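Colleague: I have a structure open and would like to learn how to read its features. Could you walk me through them one by one?

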Amino acid sequence: MLSSFLGLFLDQQLNQPLLHYDYERGKGGGYPEAHLQVCAHTATWNSICERRDIGSRPLERLHLPVGGRRYRPTVEDVLDFVIREDLADSHPQAGAYIDAGRQRFHELQLRAAVRRNPAAAVEVLRDMGKV
């Protein structure tokens, strides 16, 4: 996957963003590939940006890192957040579906990480007495 976008919006028309997670493989400018942008304005963030002479940048323009290529947040993480923080109603079985989807994603990422560094995987398995 080269990019993904996961947004949380206030309205059904998707005109009022609250936050969004972005993944952009090879993102330029030194920005993190996986990042969170919170669509809000605060005097505190504006103050630090002005003191650093980078202008009055709203919080939504700042790219907050969230774990990198393999360990970025999932759709399930955002759904879990919305439910746990009581920001929306949920189906009684939502937790089970969320857990299963999160597990699938984590397994895919683990497999990709093992392919990238099989020697480390073998070492851990050996230490555990599994090989």
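Colleague: How do the residues of the lining of the largest pocket divide into nonpolar, polar and charged?

Modeller: Before counting, a word on the source. This is a predicted model, where local features need pLDDT of at least 70 and side-chain atom pairs count only at pLDDT 80 or more, while totals for chains, interfaces and linings use all residues. Residues are numbered from 1 along each chain as its sequence is written, and side-chain values use heavy atoms, with hydrogens and water left out. Now the classes: Ala, Val, Leu, Ile, Met, Phe, Trp, Tyr, Cys and Pro count as nonpolar, Asp, Glu, Lys and Arg as charged, and the others, Gly among them, as polar. Here the lining holds ten nonpolar, three polar and three charged residues.

Colleague: Which residues lie nearest the centre of the largest pocket?

Modeller: First, the term. On a 1 Å grid over the protein atoms alone, a pocket is an open set of points where a 1.4 Å probe fits, with protein on both sides within 12 Å along at least five of seven lines; lining residues have an atom within 4 Å of a point. In this model 16 residues line the largest pocket, and Ser4, Arg72, Pro73, Thr74 and Val75 are nearest its centre. Its space is about 230 Å³, a volume being the space filled by probe spheres set on grid points joined across faces, edges and corners.

Colleague: Which helix and strands each supply at least two residues of that lining?

Modeller: Helices (H or I, at least four residues) and strands (E, at least two) are DSSP runs numbered from the N terminus. Strands E1 (3-9), E2 (17-24) and E3 (34-38) each give at least two lining residues, and so does helix H2 (75-84).

Colleague: Let's turn to charges. How many salt bridges does a search of the whole structure find?

Modeller: The idea is that side chains of opposite charge can pair when their charged atoms come close. The cut-off is a side-chain nitrogen of Lys or Arg within 4 Å of a carboxyl oxygen of Asp or Glu. The search finds seven of them. Take Asp80: its side chain meets that of Arg84 at 2.8 Å, N to O, and that of Arg102 at 3.4 Å, N to O. The second pair links distant parts of the chain, with Arg102 in helix H3 (residues 94-116) and Asp80 in helix H2, 22 residues apart. Arg84 and Asp80, by contrast, both belong to helix H2, four residues apart, about one turn of the helix.

Colleague: Are Arg102 and Asp80 buried or exposed?

Modeller: Buried means under 20% relative accessible area, exposed over 50%, and partly exposed in between (1.4 Å probe, protein chains only). Arg102 and Asp80 are both buried. Asp80 counts as buried because its relative accessibility is 16%, whereas Arg84 counts as exposed because its value is 65%.

Colleague: What distance separates the closest N and O atoms of Arg111 and Glu107?

Modeller: They are 3.2 Å apart in that salt bridge. Both residues are in helix H3, four residues apart, about one turn of the helix. Arg111 is partly exposed because its relative accessible area is 48%, and Glu107 is partly exposed at 37%. Elsewhere, salt bridges that share partners join Asp77, Asp80, Arg84, Asp99 and Arg102 into one network.

Colleague: Which residues form the nonpolar patch on the surface?

Modeller: A patch takes residues with over 30% relative accessible area and no salt bridge; like charges are joined within 9 Å, and nonpolar side chains (Val, Leu, Ile, Met, Phe, Trp, Tyr) within 5 Å. Here Val122, Val124, Leu125, Met128 and Val131 form the patch, with about 440 Å² of accessible area together, by the Shrake-Rupley method with a 1.4 Å probe, where for residues only the protein chains shown count as cover. Met128, in the segment after helix H4 (118-127), is exposed at 52% relative accessibility.

Colleague: Finally, the backbone. What is the phi of Leu14?

Modeller: Most residues other than glycine have a negative phi. Leu14 has a positive phi of about 60 degrees although it is not a glycine; its place is the loop between E1 and E2. Asp86, in the loop between H2 and H3, also has a positive phi of about 60 degrees. Leu14 is exposed at 53% relative accessible area, and Asp86 is exposed at 63%.
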